[in-house]
Amino acid sequence: MKSFKMAMPKTLEGAVKVLGFDFEKRQLMAGGTDLLGCVKEHIAEPEVVVNLKGIPHLTDVVKTETGVEIGALVKLDDLANNKEIQQRWPALAQAIAQTATPQIRNVGTVGGNLCQRPRCWYYRDENYHCSKKGGSTCYALEGENEYHAIFETGLCQIVHPSNMAGPLIAYDALAEIQSPQGTRQVRLEKFFISPDMNIERENILKPNEILSKILIPNSSANKNSCYYETREKQSFDWALCGTSVSLKLNGKMIQEARVVLNAIAPRPIRRLDLEAALTGKKVSKRLFKKVADMAVQGATPLSKNSYKIELLKVVIERCLSEATEA
Ligand SMILES: Cc1cc2nc3c(=O)[nH]c(=O)nc-3n(C[C@H](O)[C@H](O)[C@H](O)COP(=O)(O)OP(=O)(O)OC[C@H]3O[C@@H](n4cnc5c(N)ncnc54)[C@H](O)[C@@H]3O)c2cc1C
């Protein structure tokens, strides 16, 4: 492991100043559960690690008039056990409860989870100079690709690893970003990018920007929502396919729907076509099956992951069923 200096800024403005303009040289650290793995694996070799833990209030969860604000340093476990989140935005608590391991959830943070680097084994192996690391080849395209994408494949076959991104997008959350010019808010849906926008990054952050908080609006609270995923192991693993739904019901009629798929593409994908197919319809198993079948049309699986197509259909049907049974 290459040694590095540690900076401990006391403010977000100070942290932004230390970061500079080169992703490789200066990198942010929150819980460190992902970053330090990358450093040990020689995937990241920063000269300076900018530790966010000295900045006050980033661990706050604050109820506001418009919703709830979640600081970037809030630990995953604290958020999953937050009563307000469990009652009003349960899919978020469900998604976090299935994330990683209890130890990692006790150290890992909201900002770190949303900005974690992909788990593609070619990307994580220093011996492969893949296209995400500035090379010219995506080794997963013709290699061992059973855990990779089935949508938006081609340039880079990673799947976005964050569980909580899906429900947050389904709840129409905003990301607040600290930059040298001040703060701005963007829809979390627009925070994540596909490889054709920038193959080396997974989100819109520039080298000197920090995800400072997540804001979930009251308008998305208390709906019929659910996060459902499937994985090989109960713990210490990642999702094979996941779905988040948030539905506004009037009796059995679906008045509004949001559907987000995760672990099947390089970014979490909101599916407007599925939302339209659900809206104005009566809850039924037949409808859910139709939507699940629709969801996989247009998938472009790789040589070893077409099993994800059937899996995704099951995950969507179960997610919709659980959301409407609640
Ligand atoms: C065995 C294992 C299984 C796992 N399974 C899952 C799973 O099923 N689902 C899932 O979602 N995750 C999973 N994870 C990932 C885990 O959730 C992350 O490691 C953790 O959430 C990262 O949080 P952290 O605070 O430790 O991030 P760090 O390691 O500190 O940072 C991660 C990355 O984000 C950047 N970063 C951190 N904070 C910010 C910020 N505020 N603004 C901008 N950039 C920032 C860092 O520079 C770094 O690149 C798993 C991890 C392991 C090791």
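The model is predicted: local features need pLDDT of at least 70, side-chain atom pairs count only at pLDDT 80 or more, and totals for chains, interfaces and linings use all residues. Residue numbers start from 1 along each chain as its sequence is written.

**Overall build**
- The protein holds twelve helices and twelve strands, where helices (H or I, at least four residues) and strands (E, at least two) are DSSP runs numbered from the N terminus.
- Its radius of gyration is 19 Å, close to the 20 Å that the globule rule gives for 326 residues, so the protein is as compact as a globular protein of that length. The radius is taken over C-alpha atoms, and the rule is 2.2 Å times the number of residues to the power 0.38.
- Along the principal axes, the C-alpha atoms fill a box of roughly 60 × 50 × 35 Å.
- Of the 326 residues, 46% are buried, meaning that 20 or more other C-beta atoms, placed from the backbone, lie within 10 Å of the residue's own.

**A five-stranded sheet**
- Five strands make an open, antiparallel sheet in the order β4-β5-β8-β6-β7; strands pair if DSSP finds at least two bridges between them.
- At the edges sit β4 (61-63) and β7 (182-187), each pairing on one side only.
- On average, neighbouring strands of this sheet are turned by 25 degrees against each other, direction ignored, with axes fitted to C-alpha atoms.
- β4 joins β5 (residues 67-71) through three antiparallel bridges, and Lys63 has Val68 in β5 as its bridge partner.

Conventions. Axes fitted to C-alpha atoms, helices over the stretch in contact; angles between N-to-C directions. Buried ≥ 20, exposed ≤ 12 C-beta atoms within 10 Å, placed from the backbone.
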